[in-house]
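Please consider the following model with its sequence at hand. The paragraphs below proceed from overall composition to confidence, and then to two individual residues.

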Amino acid sequence: MCVQFWCPLPCNYLAASMHYCMAANTISPAYTSLRCSECGYTDKKNRESQALFHCLSCGSIRITQT
Ligand SMILES: [Zn+2]
C-alpha cells in the first residue's frame, strides 16, 4: 500500500520507494500507535497515555506494555 502510494510505477522506483517507506516508519513509529487496530481510526487523542490506548471512534481499549 505504501509503495503504491509513493510510486505508481512498479519497476525502476520500487527499491527507492521501499527505502522511503522504511525511513518513514522509522521516523514516525508513534503514528501507528495512534491508529486503532479495530476500526482504523487514527487520532492522537486515541492515546490517553503511554500505556493506554482508547479509540474515540469505536471505544476499543488496548493496554500497551512498554
Ligand atoms: Zn476503533
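A residue is termed buried if 20 or more other C-beta atoms lie within 10 Å of its own, exposed if 12 or fewer do, and partly exposed in between, with C-beta atoms placed from the backbone. By this criterion, 2% of the 66 residues of the protein count as buried. The model is a predicted one: local features need pLDDT of at least 70, side-chain atom pairs count only at pLDDT 80 or more, and totals for chains, interfaces and linings use all residues. Residues are numbered from 1 along each chain as its sequence is written.

Secondary structure is assigned from DSSP runs, with helices (H or I, at least four residues) and strands (E, at least two) numbered from the N terminus. The protein has 3 helices and 2 strands, and its elements follow the order α-α-α-β-β from the N terminus on. Two residues are in contact if their C-beta atoms, placed from the backbone, lie within 7 Å. Among contacts with a separation of 6 or more, 2% are accounted for by residues 24 or more positions apart.

Confidence is expressed as pLDDT, the predictor's value for each residue, from 0 to 100. The mean pLDDT of the protein is 70, and 48% of its residues reach 70 or more. Confidence is lowest in helix 1 (residues 2-6), with a mean of 46, and highest in strand 1, at 92. Over residues 1-7 pLDDT stays under 50, and the model has 11 contacts beyond four places in sequence for them. Residues 23-28 also stay under 50, and for these the model has 0 contacts beyond four places in sequence. Where pLDDT is low, the predicted coordinates should not be read in detail.

Which residues does Leu 56 contact, leaving aside its neighbours within four places in sequence? They are Tyr 41, Asp 43, Lys 45 and Asn 46. Leu 56 is placed in the loop between strand 1 (52-54) and strand 2 (61-63). It counts as exposed because it has 12 C-beta neighbours inside 10 Å. Leu 56 and Asn 46 are 10 residues apart in sequence, and their C-alpha atoms are 5.8 Å apart in space.

Ile 61 lies in strand 2. With 10 C-beta neighbours inside 10 Å, Ile 61 is likewise classed as exposed. Not counting residues up to four places away in sequence, Ile 61 touches Phe 53 and His 54. Asn 46 is 15 residues from Ile 61 along the chain, and the C-alpha atoms of the two are separated by 9.3 Å.
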